[in-house]
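Please read the points alongside the structure shown here.

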Amino acid sequence: MMAVITSTDGIIRYASPSLLEKTGYSKEEIIGMNFCNLIGSAGKSLPLPEKKSEKHNISNQWRQITVATKGKGHVCFSVSTDYCTWGDMEAIALFMQETSPSMEEKTFYGQVLDILPDPVFAIDCKGNVTLWNKAIEQLTRVKKEEILGKGDYAYALPFYGERVPSLVDLALKPDPQTEKKYKSFHRYEDNSVEGEIHVSSLDYYDWTKAFPIYDEKGNLLGAASISRDITDRIKAQRELEFSQKRFKELFDNSPDAIAYFDKNHFIQDINPAFTQLFGYTLEECRGINLDEIVTRGEDIQRAAKITYKLFEEGIADLEDFRYRKSGEPVLVGIRGVLVRIDGEVVGGYGIYSDITERIRYKEDLESANAELEASLEELTAVEEELRNHYEKLLESEEKYKALVTRMQQGLALLEAVYDKCGNVVDFQFLDMNESFEGLLEKKRDEVIGRTLLQILPTIEDYWMQKLKHVLGTGEAIRFEDYVQELNTYHEVVAYRPKPRQIALIITNVTERKLAEEALQASELTFRTLFEGSSDPILILDEYKFADCNPATVKILGYPGKESIVGKTPWEISPETQPDGTPSRKKAMELAAQAQKKGKCRFEWWHKKSDGTVFPVEVMLTSIMLHGKKVLHAVIRDISDRKQMEEKLKYLSFHDQLTGLYNRRFFEEELKRLDTPRNLPLTIVMADVNGLKLTNDAFGHAMGDELLKKAAEVLRKACRTDDIVARIGGDEFSILLPRTDASDGEQIVERIKNLTLKEEVASIKLSVSFGWETKTDSTEKIQDIIKKADDNMYKKKLYESPSMRSKSIDIILRTLHEKNKMEEEHSKRVAQFCERMGKALGLSADENTIIRTAGLLHDIGKIAIDDKLLSKRGRLTDFEREEVRRHSEVGYRILSSANEMTEIAEYVIAHHERWDGKGYPKGLKGTDIPLQSRIIAIADAFDAMTSVRNYRNALPEETAVRELINNAGTQFDPHLVKIFIEKVLGVAAKGV
C-alpha cells in the first residue's frame with residue numbers, strides 16, 4: 001500500500017517511500033507538486049473531501065487510474081481518498097496496484113462480518129488476535145484498533161479481567177482444565193467446540209462456538225469464535241426461581257412493622273419487626289381484625305374509618321398513636337397499601353414506622369439548623385472570595401491538562417538517574433498521559449517512580465544511547481522501533497525540555513505494519529465465518545438468491561444450496577403472509593425498504609422443502625458485492641418464541657383456574673360490543689354462594705373445584721357467541737349480544753336447572769344471578785352493569801343464607817361421618833350444656849341455644865387432617881397448634897349464616913381460660929361469654945371420662961378432682977361448683 005498526504009488545496013506534503021519507488025520521483029521533486037498533476041486528468045474526477053463531517057469508506061471509493069511515471073512508463077493503480085489529521089485537517093490518498101487481490105472481495109466479507117448480530121473474533125496459531133467484529137466491539141467496548149495483533153490471551157481481558165485460555169483455544173488444542181469452565185461443553189469431529197459460560201465482569205451469559213481455520217492447502221491458520229447472548233434466558237429462569245424468596249426476605253427483614261390483612265380486614269401474617277414493635281406474635285394476631293389489634297377504646301372506630309378509606313381510595317398515609325401489647329402508646333407513621341389480583345382487591349399491607357425519636361429530635365435539629373445557617377452565611381462570603389482566586393489558577397492549568405490528556409500520542413516525562421561517578425545509568429518516570437498508559441498496558445500508579453529498565457527490562461541498548469545523546473546535546477531525535485515486551489511498533493520522538501529531563505512522544509504504528517498481513521488473511525477467515533455461521537445467511541440479487549450457507553440448507557431441508565440458489569423469496573414461502581399480504585408483494589416492499597434505508601428487521605414465514613411452514617426473524621442489509629448492491633439476509637427460527645407468545649396471549653385473556661375469559665378480556669369485549677348493532681345487549685352477573693364457607697371448611701382446593709364446576713355449568717348453558725368470564729374471586733359475568741330481557745331470562749333459567757344437578761363434596765352448587773338489558777344506545781353500559789349487579793345481590797340476600805345453613809348441616813354430618821367419636825362427644829357435651837342451663841335457671845330459648853352451641857362447638861375440626869384427629873399418642877407442638885385452629889375455623893363457618901352468628905361467638909371462645917391464658921384471643925374472667933365457660937367445663941369433663949386414641953377413660957372421681965384443681969385458673973370456679981353438685985350430683989369439696 002502506498003500513500004500521499006495533501007493539504008486541503010491539493011498540494012502534496014508527504015509521499016510514502018513505496019510510491020516514490022514506483023513513480024521514479026525523488027522526495028524533493030514530489031513535495032509541493034499538485035496532486036492532480038501527479039495523476040493527470042483522472043484527478044479531476046477523483047473527489048477530495050470538502051468538510052470534516054463526511055464519512056468515507058476507502059474500500060468503497062476505489063477508482064482505477066493510470067499514472068505517468070518519471071522514466072518508467074505508465075503504471076495502473078487503484079486510488080481512494082479519506083481524511084487524516086496532521087496539525088490542520090488534511091487529505092490522504094491511498095494507492096494500490098491493479099495486480100493486488102480484489103478489494104471488493106475483501107470488503108464483502110468484511111461487511112458480512114460486521115453486520116452479523118453475534119460477537120465474532122479470531123486468533124492465529126500463536127494466539128494473536130486477527131479479527132474483531134462490530135458486535136464484539138459493542139459488547140466489550142474494546143475497539144478493533146486497540147486489540148488486533150495482540151497475543152498472550154489479550155482477548156480474554158475484557159471478559160474475565162485476566163489472561164486465561166478460553167473456548168477459542170480449545171479449537172486449536174484440547175485442555176481438560178479449560179473445558180471444565182464451560183457448561184454443556186461439546187467437541188465435534190471437525191474439532192469445532194461449543195459451550196456456555198457466565199462472564200461475571202460483564203454480567204453476561206454466553207453461548208460460544210469455536211472452530212479451526214485452514215487455508216486452501218489444509219494448513220492451520222488459527223481459530224474463530226462466534227458467541228450468542230443468552231443472558232435474558234438465564235436471568236429469566238433465575239428471576240422466576242428467586243422472586244418469591246426475595247419477597248419473603250424483604251418482608252421478614254424490613255425495619256418497618258408490617259401486617260398483611262385480607263379483604264375482610266383480618267390479619268393473615270406479620271413480620272418480625274411487627275412483633276418487636278407491638279409485642280404480638282403471629283398466633284395472637286392471625287384472624288383478628290386489623291383495627292382492633294393495636295388500638296384501644298375510641299381509637300378502634302377511628303382506625304376502622306382509615307381502613308375503609310384505604311379500600312375506597314387505594315392508599316393511606318398518616319401519623320397517629322397505636323398501642324403495644326403492654327398498653328404503652330407509641331407514635332407511628334402508618335401507610336396502607338392494597339393488593340390487587342386481576343383488578344380485584346384481595347387484601348393489603350399495614351406498614352408502621354416508629355417515629356417517636358424523629359419527633360423528639362426535630363426541635364433540637366431546628367435549633368441547630370438556625371445556628372448553622374448563621375455560620376454558613378459567614379463561610380459563604382469567604383468561600384466566594386477563595387473560589388474566584390482558585391478558578392483563575394485552574395483556568396490556565398486546565399488548558400494544559402486538556403491538551404496533554406487528549407493527545408492520541410503517548411507522552412511521558414523522564415528524569416536521568418546517575419551512578420556515583422556521575423554517569424547516566426537509567427531514566428525514572430515522572431509523569432505520563434492516558435495514551436502512554438495504554439501503550440504500556442499499565443496504570444499510572446504502577447509506573448510513576450519506577451525506571452525505564454524496570455518497566456521494560458529487555459529494551460534495546462541503543463534506546464539508552466539515543467536518550468543519553470539527547471540529554472547530552474539537547475538535540476531532538478525521531479526513530480521507529482519494535483518493543484518486544486509490548487509486541488508493538490512505535491514511532492518515537494525524544495527531546496530535552498529541561499536539564500536532566502527527557503520527554504518522549506510515542507505513536508503506535510503497529511496497525512500500519514500489520515495491515516498488509518491482516519489483509520491477506522481476512523478473505524479466507526471471513527469466508528470460513530460465512531460458511532461456519534450457525535445462523536442461516538443468504539445473498540439476494542435482484543429478488544433471486546445468489547448464495548447461501550450450509551445453515552440455510554439445513555433449516556429449509558433442501559439437499560444442497562443448488563436447490564435454493566436462483567429461487568426467489570416467495571418460492572420458498574407460503575402464498576400469503578399471516579397478515580394476508582401476498583408473499584411476492586411483501587418481499588418486494590421489504591427489499592425496497594432495505595435498499596433505501598440500508599437495513600430492516602422483520603418477521604417472515606418460510607416454507608421448508610416438505611411443505612412445513614415456520615416463522616423466522618430476518619435481518620436484511622444492503623451491501624456492495626463486486627461493485628454491485630445486493631441484499632444480505634440473516635434469518636433465525638423463532639418458532640419457540642411464537643409458541644410462547646401465543647401461550648402468553650392466551651393467559652393474558654383467560655382465567656388460569658377455570659379456563660374462562662378473565663376480567664381484562666371482559667372489559668375489552670364490553671367496549672367492542674357496546675355498539676347499536678349489538679342491541680339489545682343483556683349482561684348477566686353471577687356469584688357463587690358459599691365459596692368462603694367451602695374454603696374454610698374443606699380448604700381452598702375444594703373451593704377451586706366449586707368454581708370450576710360453576711364455570712363448566714355456565715359454559716355449557718351459554719351459546720357459542722356469548723362471552724362468559726370470571727371477573728372476580730367468586731364472581732362471573734356473561735355478555736349476551738343481540739339478546740333481549742326475555743331471552744336472557746331463559747338462558748339464566750337454563751343455567752339454574754343445570755346448577756341444581758351439580759354438587760362438590762356433598763355441597764350443592766348454588767349461584768345467584770342478576771341481569772339487565774341495554775336497549776337504547778344512549779344508556780351508559782356501566783349503569784347497566786350496576787343494575788345487573790344490584791339485582792344479583794338482591795337475589796343473593798335470600799338465596800345465600802339458606803344455602804349456608806344447609807352447608808353447615810352438611811359440614812357437621814361430614815365431620816361426624818369421618819369420626820364417630822367426635823359425634824358421640826358432641827352429643828354428650830350438648831346434654832351437659834342443657835342440664836347446666838337448667839341448673840342456672842336459663843330460659844327455654846337460652847337453653848336451646850346453649851345446647852346447639854355444645855353440639856357445634858367442634859365443627860371447626862372439619863378443617864383438621866383426619867390422621868391428626870385420630871393420632872395415637874401425644875401431639876407435637878406444631879400438631880397442637882393445628883388442632884387449636886378449630887375454634888377459629890368453627891367461628892368462620894358458623895358466622896357465615898346470620899342465624900348462627902350468636903352461636904359462633906360462643907364457639908370461638910370455648911377454649912379461653914378464666915386466668916386469660918387460653919386461646920385464640922386470651923380473654924379473661926367474665927369477658928368470656930357465659931355459654932363459652934359452660935362449654936369449656938362440659939367439654940373438658942367429657943374428654944377426661946371418654947376413651948381417647950392416646951389413653952383410656954378416667955374415672956369420674958378423677959375428672960371431678962381435675963375440675964376442682966383447675967377452678968379459678970382454667971375454669972370459672974362458680975360454674976365448676978354448680979356443674980359438680982347439680983349436674984353430676986356429687987359434693988364439690990374445695991371449690
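Are H36 and H38 parallel, perpendicular or oblique to each other? The points below take up this matter first; the model is a predicted one.

1. Helix H36 (residues 930-945) packs against helix H38 (residues 973-984) at an angle of about 60°, the axes lying 11 Å apart. H36 and H38 are therefore oblique to each other. The crossing of H36 past H38 is right-handed.

2. On the H36 side, this contact is made by Leu930, Arg933, Ile934, Ile937, Ala938 and Phe941, and on the H38 side by Leu975, Val976, Phe979 and Leu984. Sorted by class, the contact of H36 with H38 comprises nine nonpolar residues, one charged residue and no polar residue.

3. The axes of H36 and helix H37 (residues 956-965) come within 9 Å and cross at roughly 145°. This crossing of H36 and H37 is right-handed. H36 contributes Ile937, Phe941, Met944 and Thr945, while H37 contributes Glu956, Ala959, Val960, Glu962 and Leu963. By class, the contact of H36 with H37 has six nonpolar, two charged and one polar residues.

4. Eight cavities of 30 Å³ or more are present in the structure. The largest cavity holds about 210 Å³ of space. Its lining consists of 17 residues, and Leu540, Pro569, Phe602, Val618 and Leu620 lie nearest the centre.

5. Two or more residues of that lining come from each of strand E22 (537-541), helix H23 (583-597), strand E24 (599-607), strand E25 (613-625) and strand E26 (628-637). The lining of the largest cavity has 16 nonpolar residues, one polar residue and no charged residue.

Methods:
Residues numbered from 1 in each chain as written. Predicted model: local features only at pLDDT ≥ 70, side-chain atom pairs only at ≥ 80, totals over all residues. Heavy atoms only, no water. 1 Å grid on protein atoms, 1.4 Å probe; cavity = no way out; pocket = protein on both sides within 12 Å on 5 of 7 lines; lining within 4 Å. Points joined across faces, edges and corners; volume = space filled by probe spheres on them. Helix = DSSP H or I, 4+ residues; strand = E, 2+ residues; numbered from the N terminus. Nonpolar A, V, L, I, M, F, W, Y, C, P; charged D, E, K, R; others polar. Axes fitted to C-alpha atoms, helices over the stretch in contact; angles between N-to-C directions. Left-handed = near helix turned anticlockwise from the far one by under 90°. Contact = heavy atoms within 4.5 Å. Parallel < 35°, antiparallel > 145°, perpendicular 65-115°, else oblique.
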